[in-house]
Amino acid sequence: MAILSFGEATGYEIRKRAAEGPLSYFTEASFGAIYPALDRLWREGLIERRREARPARYTL
């Protein structure tokens, strides 16, 4: 929740901030922990979520 207090963030951004940001010494967050926690916070009405269309990625 501390990371979300700074503003909107995707699961990827939360992971990056947890690993590299000023709060990185609190925990080592994995995607397997982040997404279930975000879902729980959303179901409890503590956060809002939205889906955004992403452009296709191509690898060469």
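This is a predicted model: local features need pLDDT of at least 70, side-chain atom pairs count only at pLDDT 80 or more; totals for chains, interfaces and linings use all residues.
Two elements, α1 (11-20) and α2 (31-43), each give two or more residues to the lining, and the largest share, 4 residues, is that of α1. In terms of residue class, the lining of the largest pocket holds 10 charged residues, 9 nonpolar residues and 3 polar residues.

With regard to the overall architecture, the protein contains 2 helices and 0 strands. Of its 60 residues, 17% are buried. When the contacts between residues at least 6 apart in sequence are considered, 22% of these contacts join residues that are at least 24 apart.

In soluble globular proteins, nonpolar side chains tend to be buried together. In the present model, the largest nonpolar core comprises 8 residues, namely Ile3, Ile14, Ala18, Ala29, Ile34, Leu38, Leu41 and Ile47. The elements that supply two or more residues to this core are α1 and α2, and the greatest contribution, 3 residues, is made by α2. Within this set, isoleucine 34 is in contact with Gly11, Ile14, Arg15 and Ala29, once its neighbours within four places in sequence are left aside. Isoleucine 47, another member of the core, is found in the segment after α2; its relative accessibility is 18%, and because residues under 20% are classed as buried, isoleucine 47 counts as buried. The C-alpha atom of isoleucine 47 is separated by 8.9 Å from that of leucine 4, although the two residues are 43 residues apart along the chain.

With a relative accessibility of 6%, glycine 11 counts as buried. Residues up to four places away in sequence not being counted, glycine 11 touches Phe31, Ile34, Tyr35 and Leu38, and two of these contact partners, Ile34 and Leu38, are also listed in the largest nonpolar core. The C-alpha atoms of glycine 11 and serine 30 lie 9.7 Å apart in space, the two residues being 19 residues apart in sequence.

Turning to the charged side chains, the count of salt bridges comes to 3. In one of these, the side chains of arginine 50 and glutamate 8 meet with an N to O distance of 2.9 Å. Arginine 50 lies in the segment after α2 whereas glutamate 8 lies in the segment before α1, so this pair ties together parts of the chain that are 42 residues apart in sequence. Both partners are exposed, arginine 50 having a relative accessible area of 55% and glutamate 8 having one of 61%.

Aspartate 39 is partly exposed, with a relative accessible area of 26%, whereas arginine 43 is exposed, with a relative accessible area of 57%. The side chain of aspartate 39 also meets that of arginine 49 in a salt bridge, with an N to O distance of 3.2 Å. This latter pair links distant parts of the chain, since arginine 49 is located in the segment after α2 and aspartate 39 in helix α2, the two being 10 residues apart.

Terms used. Residues are numbered from 1 along each chain as its sequence is written. Side-chain values use heavy atoms; hydrogens and water are left out. Ala, Val, Leu, Ile, Met, Phe, Trp, Tyr, Cys and Pro count as nonpolar, Asp, Glu, Lys and Arg as charged, and the others, Gly among them, as polar. A nonpolar core is a set of buried Ala, Val, Leu, Ile, Met, Phe, Trp, Tyr and Cys residues joined through side-chain atoms within 4.5 Å. Buried means under 20% relative accessible area, exposed over 50%, partly exposed in between (1.4 Å probe, protein chains only). Contact means heavy atoms within 4.5 Å. A salt bridge is a side-chain nitrogen of Lys or Arg within 4 Å of a carboxyl oxygen of Asp or Glu.
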